[in-house]
Amino acid sequence: ADELIQDSHVETPELDADYALVVSPVVSGPFPPELDGPGMGSIGKETEFTIMTTDPSNATIQYYIDWGDGSNSSWFGPYASGEEVTVTHAWSVEGTFFINAKAKNNMSLESGWSNPVTITIYPPLLNISSISGGLFKVKAVIKNIGFGDATNVNWTMTFTGGLILGNKQITGNVTSISAHGQATVASTLLFGFGKTVVTVTATVPQSSTHKSQNATILFFLIKI
């Protein structure tokens, strides 16, 4: 005869210790952040980037950015999961830099590194394109023919020779000349007689230029 085997286990609505399956939750850090910004910039000019990521547990997030020039942002935040954040950085030298970022949540669980963002920083290149005369004043056009913005441009206009009543050397400053932009500068009021040489210089730390032009002063008229 076949032997009858009976299951002595009695089912109950409650989980029985013999049959319970315990699942531990998997805790992970944020996803690698998405970093976005321009591919080119200017020496000394703050350049804007955005950074964003999400956290699987919807925890708050801090960010860390390696700017590729030997400096970093250190950890900053916190921000909400999925919140886009705007940051800025300025490079002090020209060159190509690779920017990387990572994130961590409020449990100090870190993400992997982001995909790198590449930026090339360009210097300005100054040029005195023209010097012109007129009534009582001399004007000069300073151009920035480089790919980087020129900031805090110091200029000088000097008159050598002739009888001049007024300043023989005039100095000034242009706050900014954008890449491929220009600025016009002018002397103070001049009055005199005779031949003179007008020399204009323009300087920033990354570039310097000068130009000289013969001129004749006839009382209040400067002919170039």
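Which residues of the largest nonpolar core touch the most other members? I began my notes with this. I am working from a predicted model.

**Entry 1: the core**

I looked up the largest nonpolar core and found 25 residues in it. Val138, Ile142, Val153, Met157, Phe159 and Val198 touch the most other members. At least two residues each come from β9, β11, β12 (150–160), β14 (169–177), β15, β16 and β17. β12 gives the most, with five residues.

**Entry 2: the sheet with β9, β11 and β15**

Next I traced a sheet. It is open, has three strands and runs in the order β9-β11-β15. The pairing is antiparallel. I asked which strands stand at the edges. They are β9 (126–132) and β15 (182–186). Each has a single partner strand, so one side of each is left without a neighbour in the sheet.

I followed one pairing in detail. β9 and β11 (residues 139–144) are joined in the antiparallel sense over six bridges. Within this pairing I found serine 132 opposite lysine 139 of β11.

**Entry 3: the sheet with β1, β3 and β6**

I traced another open sheet of three strands. Its order is β1-β3-β6, again with antiparallel pairing. β1 (34–36) and β6 (85–89) are the edge strands, and each pairs on one side only.

How many bridges link β1 and β3? I counted three, in the antiparallel sense, with β3 spanning residues 47–52. Leucine 35 has isoleucine 51 in β3 as its bridge partner.

**Entry 4: the salt bridges**

I then turned to charges. Side chains of opposite charge can pair when their charged atoms come close. The structure holds two salt bridges.

I looked at aspartate 149 and lysine 45. Their closest N and O atoms are 2.7 Å apart. Where do the two residues lie? Aspartate 149 is in the loop between β11 and β12, and lysine 45 is in the loop between β2 (40–42) and β3. The pair therefore ties together parts that are 104 residues apart in sequence. I checked burial for both partners. Aspartate 149 has 13% relative accessibility, so I list it as buried. Lysine 45 has 40%, so I list it as partly exposed.

I went on to lysine 102 and glutamate 110. Their side chains meet in a salt bridge at 3.3 Å, N to O. Lysine 102 counts as buried, at 16% relative accessibility. Glutamate 110 counts as partly exposed, at 42%.

I found a nonpolar patch of about 1100 Å². Its members are Leu135, Phe136, Leu163, Leu165, Leu189, Phe191, Phe193, Leu218, Phe219, Phe220 and Leu221. Which elements give two or more residues to the patch? They are β13 (163–165), β16 (191–204) and β17 (207–219).

I picked out one member of the patch. Leucine 163 sits in strand β13. Is leucine 163 buried or exposed? Its relative accessible area is 55%. The cut-off for exposed is over 50%, so I list leucine 163 as exposed.

β16 and β17 give two or more residues to the patch, and β16 and β17 each supply at least two residues of the core.

Key
Residues are numbered from 1 along each chain as its sequence is written. This is a predicted model: local features need pLDDT of at least 70, side-chain atom pairs count only at pLDDT 80 or more; totals for chains, interfaces and linings use all residues. Side-chain values use heavy atoms; hydrogens and water are left out. Two strands pair if DSSP finds at least two bridges between them. Helices (H or I, at least four residues) and strands (E, at least two) are DSSP runs, numbered from the N terminus. Patches are made of residues with over 30% relative accessible area and no salt bridge: like charges are joined within 9 Å, nonpolar side chains (Val, Leu, Ile, Met, Phe, Trp, Tyr) within 5 Å. Accessible areas come from the Shrake-Rupley method with a 1.4 Å probe; for residues, only the protein chains shown count as cover. A salt bridge is a side-chain nitrogen of Lys or Arg within 4 Å of a carboxyl oxygen of Asp or Glu. Buried means under 20% relative accessible area, exposed over 50%, partly exposed in between (1.4 Å probe, protein chains only). A nonpolar core is a set of buried Ala, Val, Leu, Ile, Met, Phe, Trp, Tyr and Cys residues joined through side-chain atoms within 4.5 Å.
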